[in-house]
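Here are my notes on this one, point by point.

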Amino acid sequence: MPIILGKAIRLGQLISAEDDRAIIFEADEGLMLGPTPGLSNLPETVSMVKDKVDGIVLSSGQVERSVEHFRGKRAPALLVRADWTNAFRDETYFLPTRNVRHVLNLKPRDAVALGASALAAFLLVGYDDDEDEARNLETIAMLARESEKFGLPLLVECIPIGGRVTEMNYLDCAKLATRMAVEAGADIVATPYTGNATSFKEIVEASKTPVLMLDRRIDAERLLEAAEESLKAGATGVVVGRSVHRAVDPIAQLSAIHQLVHRSR
């Protein structure tokens, strides 16, 4: 019973009790890509966005540098990144990926010690080698089991990626990844926007758990439109990062997202 209550309390810190919606800001891109625009001074970025989001994802090494922004009754929930991947280093990156890899770098008990309200991890589908996908799923299942022991919610970002993923099969890949994550024990799933409300609704209905729209396939200019369509499809909210901190006016972008997500009902 205490563990069940602990998870419920932490989920309440992440998903607003007033409207059952959430805005999560990813500030952990440096773990995967090194120094990136908008995140060069991470504590400053966290300070600027904290009043407009419900949760912020950080790598474990950055928590101490930003801890002051997670204190207090109105502070955002802290999500700690549990894994690492090189999957986002495309051909435009100075060190493009040859083989997609995914590794665990933190366990649930470590996230609890850091004060996390939730754990965040990736589930990628589309690996060249099916064994890599199997290992990724094994990691997610282990995180779910271990997180349950600590009453720690698990957010799984489900991302189709790689040469086997095409525009023709993208929706099916997204539906596969989100359902796999739910079956493995995810409490919340996030996946990139699939192009229209009808297709995204298929993901929401197949997941049977809170679904967030992930901003990895859309430009900053298209973010609001995609978010609005996702919410109409039944999404619980959004996970934003690069579409905000790479925007011309990041705070204005985030303010508009906040207005849409939390006041559109």
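1. First, the ground rule for salt bridges: a side-chain nitrogen of Lys or Arg has to sit within 4 Å of a carboxyl oxygen of Asp or Glu. On that rule, searching the whole structure turns up 18 salt bridges. Keep in mind that this is a predicted model, where local features need pLDDT of at least 70, side-chain atom pairs count only at pLDDT 80 or more, and totals for chains, interfaces and linings use all residues. Residues are numbered from 1 along each chain as its sequence is written, and side-chain values use heavy atoms, with hydrogens and water left out.

2. Glutamate 29 and arginine 242 make one of these bridges, with 2.9 Å between the closest N and O atoms. This pair links distant parts of the chain, 213 residues apart: glutamate 29 belongs to helix α2 (residues 29–33) and arginine 242 to helix α10 (residues 242–245). Helices here are DSSP runs of H or I with at least four residues, strands are runs of E with at least two, and both are numbered from the N terminus. For burial, the cut-offs are under 20% relative accessible area for buried, over 50% for exposed, and partly exposed in between (1.4 Å probe, protein chains only). Glutamate 29, at 8%, is therefore buried, while arginine 242 counts as partly exposed at 24%.

3. Aspartate 132 and arginine 101 also meet in a salt bridge, at 3.5 Å from N to O. Aspartate 132 is in helix α6 (residues 130–149) and arginine 101 is in the loop between β4 (83–85) and β5 (102–104), so the bridge ties together parts 31 residues apart in sequence. Aspartate 132 is buried at 13% relative accessibility, and arginine 101 is partly exposed at 41%.

4. Next, lysine 175 and glutamate 202, whose side chains form a salt bridge at 3.0 Å, N to O.

5. What does α7 pack against? Its buried residues pack against β6 (118–125), α6, β7 (154–160), β8 (188–192) and α8. Those buried residues include Tyr170, Cys173, Ala174, Ala177 and Thr178. As for geometry, α7 has 15 residues and spans 21 Å from first C-alpha to last, close to the expected 21 Å (1.5 Å times one less than the number of residues). Just after α7, glycine 185 has a positive phi of about 120 degrees.

6. Glutamate 183 is also in helix α7, but counts as exposed at 57% relative accessibility. Its side chain makes a polar contact with that of arginine 179 at 2.9 Å. A polar contact is a pair of N or O atoms within 3.5 Å; within protein, one must be able to donate a hydrogen and the other to accept it, and residues adjacent in sequence count only if both atoms are side-chain atoms. The C-alpha of glutamate 183 is 8.7 Å from that of alanine 141, which is 42 residues away along the chain.

7. On to the nonpolar cores (sets of buried Ala, Val, Leu, Ile, Met, Phe, Trp, Tyr and Cys residues joined through side-chain atoms within 4.5 Å). The largest has 61 residues, and Ile56, Leu58, Phe200 and Met213 touch the most other members. Helix α7 supplies the largest share of this core, eight residues. Beyond its neighbours within four places in sequence, leucine 58 is in contact (heavy atoms within 4.5 Å) with residues including Ala27, Leu42, Val46, Phe70 and Val80.

8. Last, threonine 139 lies in helix α6 and is buried, at 17% relative accessibility. Not counting residues up to four places away in sequence, threonine 139 touches His102 and Leu104.
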